[in-house]
Amino acid sequence: MRAPVLLVLLLTVMACGEDALEVLQEEASDCPALPEMRLGAAPSAAVVLNAYYLQEDATRDLRRGRTESPSVEETFAKAAALGAWAVRTNGYNDAADKRGDTTIQVAPLVYDELSLRGLDLVLTRAAAHGVKLVLPLGNYWDAYGGARRYVEWAGLPEPVQGDPRFFTERAVIDHYKAHLARLLSRVNTFDGLRYGEHPAVLAWELLNEPRGRGLDPEGAAMRAWVDEVATVVKTYAPGHLVGTGEEGFDTSSAGYDALFWRDAASASLFGEGISFRRNTASPVIDFASVHFYPEAYGVRREETARAGAHWFSEHAAIARDLGKPLFIGEFALRNREGFTLDERRAMYRGWFRCAWRTGVGASAPWMFANDARPDEWDDFTFYFRDGTVPADPRNRYADLVIEAAALSGKP
């Protein structure tokens with residue numbers, strides 16, 4: 001077993017000193033140099049910001065009689081100022097508890113027009129600010145409806161979060177495909193552009209964080225779903241990139257550092273019905289997708305920095321073998337427990353550098369908040385607060401985003 005160098009440092013340096021922080025950064029940066037693979041027209045190692053809430057904020061402002069959304073304007077303006085190439089935000093809202101507020105699909109293929117106009121506004125204003133969008137089309141989790149909602153609509157018994165029948169039941173699959181066809185065929189009420197041709201869109205994701213719980217161990221059912229649903233998206237949005245939105249789990253550790261992951265994580269990241277390699281190989285998928293939440297994945301504290309470097313570089317190498325760029329769609333460390341801000345900053349800086357060294361298409365820290373959004377709203381918020389410089393500690397990582405964006409596209 002490898003010597004726990006980082007743990008020794010953290011135990012011997014009571015207040016984490018510069019030497020320990022440098023070790024964190026170096027371990028997070030410890031990635032092989034690989035040729036770049038770009039995500040469409042984006043520069044290599046582009047920075048994307050996650051701001052999932054924009055459709056909701058835009059819709060609520062329209063319901064108030066406003067013609068624009070201050071939250072949307074602030075988020076896009078600040079993303080551009082930080083050098084971000086794109087913003088990843090929800091392209092879905094099927095929430096039962098938000099009907100009459102922000103829900104887009106209120107019943108099977110029945111839509112709230114004002115909620116759709118909220119998404120119209122997000123697309124139009126992104127284009128005005130010169131910021132691209134990455135838009136997941138649905139959610140595995142219960143938030144905003146999720147897979148469970150479609151299983152409920154199909155009248156199937158005892159639906160659960162992440163219900164595997166979302167991927168296998170014909171009535172559910174056909175409903176989801178019909179919904180995507182309608183959404184991508186929509187003509188934006190603000191600019192007259194069809195969603196499937198809208199220049200603000202960099203990419204669509206089939207689902208946010210699909211997992212294979214309850215599916216076959218080889219990942220065949222998930223791959224069949226990916227092929228079928230991605231074909232619909234490519235049909236209605238032929239000029240846009242399509243990704244799966246997955247986290248990077250696989251059905252076996254072949255091609256990964258199995259010994260490292262056996263020691264580094266208390267939970268298995270392999271063997272549960274979804275295969276990163278198999279899904280990325282789909283001819284209708286344009287780029288590979290991973291997320292990284294080490295605390296949620298059971299990664300040991302002393303291995304966190306190195307684990308991020310492994311996760312990014314190993315998936316980048318697999319994607320490269322398949323001829324596709326890698327998009328790190330989400331990564332984060334919790335703000336209010338575990339690592340200090342200085343420790344988190346050291347790892348974020350290292351992971352951004354790792355993404356650049358390995359030629360990753362883009363990476364997207366979770367979650368960029370507008371100033372009005374309370375810090376407690378999400379475990380992972382960071383800001384670029386009005387009246388501050390990016391390096392202000394209250395912003396957490398804004399200066400690191402600028403640094404990463406400055407590396408973007410450099411050989």
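Two strands count as paired if DSSP finds at least two bridges between them, and the helices (H or I, at least four residues) and strands (E, at least two) are DSSP runs, numbered from the N terminus. Residues are numbered from 1 along each chain as its sequence is written. You're looking at a predicted model, where local features need pLDDT of at least 70, side-chain atom pairs count only at pLDDT 80 or more, and totals for chains, interfaces and linings use all residues, while side-chain values use heavy atoms, with hydrogens and water left out.

**Stop one: the sheet.** Show the strands and trace the order β7-β6-β5-β2-β1-β10-β9-β8: an open sheet of eight strands, paired in parallel. β7 (241-243) and β8 (288-292) sit at the edges with a single partner strand each, so one side of each has no neighbour in the sheet. From one strand to the next, the twist averages 20 degrees; such angles run from 0 to 180 degrees between N-to-C directions, with axes as lines fitted to C-alpha atoms, for helices over the stretch in contact.

**Stop two: β1.** Select residues 46-50. Five of the five are buried, so β1 is largely enclosed by the rest of the structure (buried means under 20% relative accessible area, with a 1.4 Å probe and protein chains only). A46, V48 and N50 point one way, V47 and L49 the other.

Find W204, whose bridge partner in β7 is V242.

**Stop four: α6.** Select 146-153. Six of the eight residues are buried, so this helix too is largely enclosed by the rest of the structure. The buried residues of α6 pack against β3 (105-107) and α7 (170-185), where contact means heavy atoms within 4.5 Å. After the helix comes G155, with a positive phi near 75 degrees.

**Last stop: α12 and α13.** Which residues make the contact between these two helices? First, select 341-357 and 398-407: the axes come within 10 Å and cross at roughly 15 degrees. The helices are therefore roughly parallel (angles under 35 degrees count as such). On α12, show R345, Y348, R349, F352 and W356; on α13, D399, L400, V401, E403, A404 and L407.

Definitions and conventions:
Buried means under 20% relative accessible area, exposed over 50%, partly exposed in between (1.4 Å probe, protein chains only). Angles under 35 degrees count as roughly parallel, over 145 as roughly antiparallel, 65 to 115 as roughly perpendicular and the rest as oblique.
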